[in-house]
Amino acid sequence: LLKDEGNEAYWYAFRQTPKILVTLAAGQAMWGNRFGDLMTVRFPEGTTADDVRAILRREVAPAEAGLLFAPVRQQALDAVAQAIDLGGLFLGMSFFLIASTLILTALFFVFGVQHRAAEMGVLLALGFSPARVRVLFLAEAAAIALAGACIGAAAGAAYTRLLVFALGRYWQGAVAQTAILYHAAPGTLLTGAAASAACAMAAMALAVWRQTSRYPARELLAMDFSQDVRGSGRPPALWPPLCGLAAAIALIVYALATGTESVVGVFFGAGALLLVAGMGLCRYALGRIESARPTGPPTLTALSMQNAARRPGRSLSVAALLATGCFLVLAVSSMQEDLSAHAGERSSGTGGFDLFAETTIPLPADALDSFADAGLDAVALRVYDGDDASCLNLNRAQTPRLYGVDPAALSSRKAFLRPGSDDVWALLDLDLPGGLVPGLAGDSDTAMWGLKKRTGVTDGDVLDYRDEAGNAFGVKLVGRLPMRLSVFQGSVIVSHTAFARRFPSAEGFRTFLIDVPAGHQGDAAAELNAEFERSGMDAAPAIERLRRFYTVESTYLGMFLVLGALGMALGSAALGIVVLRNLLERRREIAILRAVGFPRPALFRLFAAEHGLLLLMGLVVGGLAAAVAMAPTIASAASNVSLALQAAILAFIALTGFACVAIALAAGLRGDSVEALRTE
């Protein structure tokens, strides 16, 4: 029968009856594999279907049959609850803009308080306590702040709508091409308005407190704020800015001596310290000028410097706004990275591989022969589809994607390894206690932002997974690939041995890192996509995968640059306001100068030099601090910094500031000074 009609006839005749009878142990020894060693269960005669169901429920776990049950709703809620807080992100990015607004608010309120100094003196002379005077003025300020907060809440809603529109139309890279819609809750608007009013009140309260605590009633009644108000006659202490300067130098020396990976962050911190120290040195210089007694005939430069030091706090506020804005705009504009600069090197984020290929259906191991026949050198990886923990996912990944790799294959190529650094691939072969599987984070961004986990052999965090049988196991992050951005971003890498032990049915390979002969990258990708089309092959240059990840960061840098430019505009406006206020306060002085023969062009030069000094202070301090922050980026071969562009930005800031000064001077020096002269 077997000879004449074959296996199909045998099946119809005898069904599951074996063609050869051996013992169970012998069969398990011959045909058992990693998937198991049993295929059939026989029940005694007379066993009913209900009995079989009861036995299966009792003896067989659903996970052993490949059935896994997950609380998908709760997992989704957990992922969304820990998603990227765009509100907090934009609040941080707008911090300079907010600080600029508060400084402007304080400046305006100080002008008003100084204008009403005599009123304060009268109230104090009549027996009002300083605290009650503050309450009276703050009550007025509260009404103004409340009205401004209400208007600001409406304007903020419109601004947010515009921002959401830009995120959906022009800045989609910031939200990983995710559709984003505007939604406002009444509580959010109320919270924002209350926070704005509170910040404005704090700035105005500080101005009132300084006015009522520094001067008694007699001085307030007689004080003329258009005249020079002398302080203690001593310049401020020099040691605080020197300490800041020393701390900045110490940070730079530490970064250079230790070769820390986050050298850009360290230099940015050193630049910020230098910015603060520079402002402290400017305050010390203004104090020295203020306390110095003029000697010899006055010159235009000496008069300008003396006038700039008459209100050191006001002058320093303007200079600090300009310096901070200059620092942020220049430093952020230099952070664009040229990913293709070292893409062909093994130490880069591509590992030196030309193509990164993925398939929908796993390819068997012999598919690598097809790669070799085409002259391609490929490293194959197994894949467990978890959550995407890269910057392209706005939600928090619960179980990141796992890649099963051959550590020896990548180690022999020195792929993703820095010259002279330890071989992190050897960490995947560690034997960890408790059945933990050693894993590597795909890059530093994955560990820091995507997972927010520590990495290390001793103190690395553990990620919870379930194997295909439903058993829980942990992956300990014993390290990470030593670069900020790699093609493995958002994933965790384990050895192929540990991967096969947990997911034995995940046969074949779905990801390939491919080396291509020079000049044939495009052709190789097209040929692979055509040959393995039915397997869903998507082969593309590895550098394109890096650029897709980098799109999010570059978009945020562009947005930060826009917000920094708005802050710079406010800083320039503050400079113009201070100029105009100074001219209004000193209109009698201007009248005297006109009366003794100073022509209007000479007065323009005098006041332009005075306020140009503040502009110069801000540009020099901000520019030097930005140069320190940009130093490692400029020195890097992967840098995309254009020094000509940086010079153009600095020149534009200077021209904008000087234009604001010129407009304010033209407005303040216009008109007849006879009336002002009569009151002198």
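**Group meeting: salt bridges, rings and contacts**

Let me start with one residue. Asp-50 has 55% relative accessibility, so Asp-50 counts as exposed. The cut-off for exposed is over 50%. A reminder before I go on: this is a predicted model.

What does Asp-50 pair with? Asp-50 forms a salt bridge with Arg-53, and the closest N and O atoms are 2.8 Å apart. Both residues sit in helix α3, residues 49-59. They are three residues apart there, so about one helical turn separates them. Arg-53 is at 43% relative accessibility, which makes Arg-53 partly exposed.

Why pair at all? Side chains of opposite charge can do so when their charged atoms come close.

How many salt bridges does a search of the whole structure find? Seven. Here is another one of them. Asp-377 bridges to Arg-413, with the closest N and O atoms 2.8 Å apart. This pair links distant parts of the chain, 36 residues apart. Asp-377 is in strand β2, while Arg-413 is in the loop between α16 (407-412) and β4 (437-441). Asp-377 itself is partly exposed, with a relative accessible area of 35%. Then there is Asp-461 with Arg-454. In that salt bridge the closest N and O atoms are 3.4 Å apart.

Now the overall picture. The protein has 680 residues, and buried residues make up 40% of them. Its secondary structure comes to 24 helices and nine strands. The protein exposes about 36,200 Å². Carbon and sulfur atoms supply 62% of that area. Next, contacts between residues at least 6 apart in sequence: 79% of these join residues at least 24 apart.

On to the aromatic rings. The count comes to 12 aromatic pairs. Take Phe-268 and Phe-327: their ring centres are 5.3 Å apart and their planes are at 45°, so this pair is tilted. The pair links distant parts of the chain, 59 residues apart. Phe-268 belongs to helix α12 (residues 263-291), and Phe-327 belongs to helix α14 (residues 312-333). Which of the two is buried, and which is partly exposed? Phe-268 is partly exposed, with a relative accessible area of 26%. Phe-327 is buried, at 3%.

Next pair: Tyr-384 and Tyr-465. The ring centres are 6.3 Å apart and the planes are at 70°, so this pair is edge-to-face. Here, too, distant parts of the chain are linked, 81 residues apart. Tyr-384 lies in strand β2 (residues 377-384) and Tyr-465 in strand β5 (residues 462-466). Tyr-384 is partly exposed, with a relative accessible area of 25%. Tyr-465, at 3% relative accessibility, counts as buried. The cut-off for buried is under 20%.

There is also a cluster. Ring pairs link Phe-353, Tyr-403, Phe-416, Trp-425 and Phe-488. Phe-353 has a charged neighbour as well: Arg-346 lies over its face, 4.7 Å from the ring centre. A second case is Phe-356. The charged end of Arg-545 sits over the Phe-356 ring, 4.1 Å from the centre.

First, Glu-610. Is Glu-610 buried or exposed? Buried, at 1% relative accessibility. Glu-610 lies in helix α22, residues 600-635. Leaving out residues up to four places away in sequence, Glu-610 touches Ser-304, Asn-307, Ala-308, Asn-582 and Arg-586.

Second, Pro-236. Pro-236 is in the loop between α10 (217-222) and α11 (239-258). With 28% relative accessibility, Pro-236 counts as partly exposed. What does Pro-236 touch, not counting residues up to four places away in sequence? Arg-283, Tyr-284 and Gly-287. The C-alpha atoms of Pro-236 and Leu-286 are separated by 9.1 Å, and these two residues are 50 apart along the chain.

Third, a surface patch. Ile-20, Val-22, Met-30 and Trp-31 form a nonpolar patch. Together they have about 450 Å² of accessible area. Trp-31 is in helix α2, residues 24-31. Its relative accessibility is 55%, so Trp-31 counts as exposed.

That is the tour.

Technical notes
Residues are numbered from 1 along each chain as its sequence is written. This is a predicted model: local features need pLDDT of at least 70, side-chain atom pairs count only at pLDDT 80 or more; totals for chains, interfaces and linings use all residues. Side-chain values use heavy atoms; hydrogens and water are left out. Patches are made of residues with over 30% relative accessible area and no salt bridge: like charges are joined within 9 Å, nonpolar side chains (Val, Leu, Ile, Met, Phe, Trp, Tyr) within 5 Å. Accessible areas come from the Shrake-Rupley method with a 1.4 Å probe; for residues, only the protein chains shown count as cover. A salt bridge is a side-chain nitrogen of Lys or Arg within 4 Å of a carboxyl oxygen of Asp or Glu. Helices (H or I, at least four residues) and strands (E, at least two) are DSSP runs, numbered from the N terminus. Buried means under 20% relative accessible area, exposed over 50%, partly exposed in between (1.4 Å probe, protein chains only). Contact means heavy atoms within 4.5 Å. Rings of Phe, Tyr and Trp (its six-membered ring) pair if their centres lie within 6.5 Å; planes under 30 degrees apart count as stacked, over 60 as edge-to-face and the rest as tilted. A charge sits over a ring if NZ of Lys or CZ of Arg is within 6 Å of the ring centre and within 35 degrees of the ring normal.
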